[in-house]
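Let's take a friendly walk through a protein model. Have a look at the sequence and the 3D view, then read on.

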Amino acid sequence: MNRFKIALGQEDEFINVWKSRDTFLDEVPGFKEFHLLQGPTNEEYTLFSSHTVWENESDFINWTKSEAFRKAHANAGSNKSLYLGPPQFEGFNSVI
């Protein structure tokens, strides 16, 4: 998961960026599913999380080193005004 702090009033634009972008995830072995989650809003930002599920940790790591990853993130800087800082990565392994 990546957690994003999105500037107040920019939530719809942030969601539209994700709806319209090509992630290239379907090209990558081990990818299972993706969800964009909206969390709480406070006086500073609205919290979002991009959540992907992978067959295993190796498949995820391979994706971060792939051409598909580079293509999916090529325009990431063009929406900088939406973000209050960089995304915060959080990785989890399923245990049950």
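## A charge over a ring

Arg21 lies over the face of Trp18, at 4.5 Å from the ring centre. Keep in mind as you look at this pair that the model is predicted.

Trp18 also belongs to an aromatic cluster, together with Phe4, Phe14, Phe34, Phe48 and Tyr83.

## Aromatic pairs

How many aromatic pairs does a search of the whole structure find? There are 13. One of them joins Phe4 and Phe14, whose ring centres are 5.4 Å apart; with 55° between the planes, the pair is tilted. Phe4 sits in strand E1 and Phe14 in helix H1 (residues 11–20), so this pair links distant parts of the chain, 10 residues apart. Phe4 counts as buried because its relative accessibility is 6%, and Phe14 counts as buried at 0%.

Trp54 and Phe60 pair in another way: their ring centres lie 6.1 Å apart and their planes meet at 65°, so this pair is edge-to-face. Both Trp54 and Phe60 are buried.

## The sheet

Now find the open sheet of four strands, which runs in the order E2-E3-E1-E4 with antiparallel pairing. Its edge strands are E2 and E4 (88–89), each of which pairs on one side only. Helix H1 packs on this sheet and touches E1, E2 and E3; the direction of H1 makes about 175° with that of E2.

You can trace the pairing strand by strand. Strand E2 (residues 31–41) is joined to E3 by eight bridges, and the two run antiparallel. Here Thr41 stands opposite Thr46 in E3. E2 and E3 form a hairpin, with three residues between them. Strand E1 (residues 2–7) is joined to E3 by six bridges, again antiparallel, and Asn2 has Ser50 in E3 as its bridge partner. E1 is also joined to E4, by two bridges in an antiparallel arrangement, with Arg3 opposite Gln88 in E4.

## An enclosed strand

Is strand E3 (residues 45–54) largely enclosed or largely open? Seven of its 10 residues are buried, so E3 is largely enclosed by the rest of the structure.

Side chains of opposite charge can pair when their charged atoms come close.

Arg3 is partly exposed, with a relative accessible area of 32%. Because Lys71 lies in helix H3 (residues 67–72) and Glu27 in the loop between H1 and E2, the pair ties together parts that are 44 residues apart in sequence. Lys71 is partly exposed at 36% relative accessible area, and Glu27 is partly exposed at 47%.

Glu55 is in the loop between E3 and helix H2 (57–64) and Lys32 is in strand E2, 23 residues apart. With 51% relative accessibility, Glu55 counts as exposed, since exposed means over 50%.

Key:
Residues numbered from 1 in each chain as written. Predicted model: local features only at pLDDT ≥ 70, side-chain atom pairs only at ≥ 80, totals over all residues. Heavy atoms only, no water. Buried < 20%, exposed > 50% of the residue type's maximum accessible area, 1.4 Å probe, protein only. Pairing = 2+ DSSP bridges. Phe/Tyr/Trp six-rings, centres within 6.5 Å; stacked < 30°, edge-to-face > 60°. Lys NZ or Arg CZ within 6 Å of the ring centre and 35° of its normal. Contact = heavy atoms within 4.5 Å. Axes fitted to C-alpha atoms, helices over the stretch in contact; angles between N-to-C directions.
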